[in-house]
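I opened my notebook to look through one protein chain, a bit at a time. Here is the structure I had on screen.

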Amino acid sequence: MKSFGRTAVAGLIYLLVIVIFFHVYFGSFSTALIGPPEDNMQEFWNTWYMQTKLDADPSGLLHTDKIFYPEGASLVYHSFSYPNLVAIYLVRCVVGLGTDVGTLIFLHNFFLLISFFFGALGAYLLTRLYVRSEALAVLSGFIFGFSPFHLAHTLHHMHVSAITFVPFFVYFFLRYMREKKVYLAAAASVMWALAALSCWYYLVYIGYFVLFYYVFHAVKNRSLMPGETLVPAALITFFALFLLSPLIVTMILQTGARSYLEGHDFFVADLLGFITFHPYHLMAKIGRPLYSHFQGNHWEMTVYLGLANVAVLLFALFKKYCRKIENLGFFQAGILLFMLLALGSWLHVGGYRVWLPLPTLLTEYIPVLKNVRTPSRAVIFVYLFTGVSVAMIAEYFLAGRKKITAAAAVGILAIVTFADFFPTGLDSTPVVCPPAYALINEDRAGDFGMINLPAGYLQDNKYMMQQAACSPVPMANGSIGRKLAPSLIDTLDFSDFEAQKAELKRDGIKYILIHKKPADETVYYVHHDRHTHLHRLHRETLAREMAAEYQRHYQLVHEDEMTALLQVYH
């Protein structure tokens, strides 16, 4: 009961931090998505799609013609965060909520933020296995749960930000290795499966952790340890994979050349990124001259550990007496390993590639494993082990000192870390429906699809969000994790209007919706003349030219400052 009370207090602290960090979103919690317009729009489509399928008919869940119409697309490789999406469905069933856009936005945002609570709580429980100090365990949970990595991906990726089950897996796994109780092994397997279903990257990274655990202890004890470690770890792995086998087998069967994408040497952590103020930091302006040269986008490059945490880790590294801290070497080695994995195929320092090969270079060429194309996400284990290590080092260093001195030291460390992790520049994405969608929804004349123009990565994400919020009419556009087969949007003729119209009519594309304010800053546009074929235009220029040109070949149904709606056939 006493342990439950301590855990409850830690949970309340984490809830308070969520309010402090993210209160800026509360005024538009059911009208705007957390994060700037990017992959979060696609993630919202995931929420809508899963809820509507579970409400109606879950069969055929992993193939849809709502996007890439009329052929549709396999969603086996798509970035569904299954536990979150099922949890949203269960909440809706219990409370009696529908699938109106306001409800879905609210629940989508809620489950993004609740991952901070559960992620921190899992790391807190893990740390309690190694330290007695309640305050330091709470701090460790904060370091993991509210890490800049987690914050950055919350603004973009529900699946990557679903970190909840990772610390709980490590907690149950390490407890099983201590206590050898069957229920702990079962819990570890379930947590591994749930982590994988949240984000497939975590299937692999937890696998690396299990392998690391075995190798570390085998080397330490100079023994293969078959009964103590190898067999138990293998059984936990087997049962986790068994639980996931229906999806894993399907993924392997559908794996082909189109399922592999690049990024192993682009979406990486820079070595200086661990100590450089990141784009969401209060002092981002100080860090910008450096991080602006890093590889990848802002959320994948964000691996900042916090200056105070790095100082504590370095202090222990160079102080021989810290080697006496039981189990600290294990976590320090884990930090080093996962830092190396997060750095990608080649070392990058200050944005420059140093021709030093790293472990990811090997997996880049291994079938299935080379799907893990954004190495920086391995930093999730760096944060987890950093939190535990900082707590262990601080407790050891403060042992035997006056209570008031120890309390003051922990308080200062907590305040510095809180301020260091406090976010800024938290944007949101208002969910707005252009009037043209209402006109499309009024058309009840049989089954048909639509196509949105111009096409582009951010644009297609935006179209998916608008399909979820504004009109369920299937569209030729789409954006998914892996597109395993071509569709109409890949083969459509953009150089001959007559041929294009015939193709659209044949495939049941009744409407063309031209968006005058594309999300992409620059997009490519095919000019329909005999001399010029492809131009890179500013989005406003493209919108004017495309809308004017298409109106000469298709019937205009509606036009406003946002869109131009055209009809292909009656």
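These are my entries, from the whole chain down to single residues.

**Entry 1: the whole chain**

I noted before anything else that this is a predicted model. I then looked up the secondary structure and found 23 helices and 12 strands in the protein chain.

Next I wanted the overall dimensions. Along the principal axes, the C-alpha atoms fill a box of roughly 85 × 55 × 50 Å. What radius of gyration does the protein chain have, beside that of a compact globule with 570 residues? I found 25 Å for the chain, and a compact globule would have a value near 25 Å, so the two agree.

I also checked how much of the chain is tucked away. Of the 570 residues, 57% are buried. For contacts between residues at least 6 apart in sequence, I read that 75% join residues at least 24 apart.

**Entry 2: surface and charge**

**Entry 3: the cysteines**

How many disulfides does the count come to? I got 1 disulfide. A reminder to myself: a disulfide is a covalent bond between the sulfur atoms of two cysteines.

The partners here are Cys 433 and Cys 470, with 2.1 Å from S to S. I turned the view to the S-S bond and noted an angle of -90° about it, a left-handed link. Where do the two ends sit? Cys 433 is in the loop between β6 (428-430) and α19 (436-442), while Cys 470 is in the loop between α20 (457-469) and α21 (488-491). The pair therefore ties together parts that are 37 residues apart in sequence.

Are the two ends buried or exposed? Cys 433 has a relative accessible area of 37%, so I wrote it down as partly exposed. Cys 470 has 11%, and under 20% counts as buried, so that end is buried.

I checked two further cysteines while I was there. Cys 93 is partly exposed at 46% relative accessible area. Cys 199 has a relative accessibility of 2% and counts as buried.

**Entry 4: the loop between β2 and β3**

This loop gave me two things to write down. Phe 68 lies in the loop between β2 and β3. Phe 68 is not a glycine, yet its phi is positive, about 55°. Is Phe 68 buried or exposed? With a relative accessible area of 4%, Phe 68 is buried.

I placed Pro 70 in the loop between β2 (63-64) and β3 (73-74).

**Entry 5: another cis bond and another positive phi**

I found a cis peptide bond from Leu 453 to Pro 454 as well, with omega near 0°. Pro 454 belongs to the loop between β7 (449-453) and α20.

Met 225 has a positive phi of about 45° although it is not a glycine. I located Met 225 in the loop between α10 (200-221) and α11 (226-254). The relative accessible area of Met 225 is 7%, so this residue is buried.

Gly 119 sits in helix α4 (residues 101-128). Its relative accessible area is 0%, so Gly 119 is buried. Which residues touch Gly 119, leaving aside neighbours within four places in sequence? I listed Phe 144, Gly 145, Ile 163, Thr 164 and Pro 167. I also looked up one distance: Gly 119 and Ile 163 are 44 residues apart in sequence, and their C-alpha atoms are 5.7 Å apart in space.

Asn 309 is part of helix α14 (residues 307-318). Asn 309 counts as buried, at 1% relative accessibility. Leaving aside neighbours within four places in sequence, I found Asn 309 in contact with Ile 143, Thr 386, Val 390, Thr 417 and Phe 421.

Terms used. Residues are numbered from 1 along each chain as its sequence is written. This is a predicted model: local features need pLDDT of at least 70, side-chain atom pairs count only at pLDDT 80 or more; totals for chains, interfaces and linings use all residues. Side-chain values use heavy atoms; hydrogens and water are left out. A disulfide is a pair of cysteine sulfur atoms within 2.5 Å. Helices (H or I, at least four residues) and strands (E, at least two) are DSSP runs, numbered from the N terminus. Buried means under 20% relative accessible area, exposed over 50%, partly exposed in between (1.4 Å probe, protein chains only). The radius of gyration is taken over C-alpha atoms; the globule rule is 2.2 Å times the number of residues to the power 0.38. Contact means heavy atoms within 4.5 Å.
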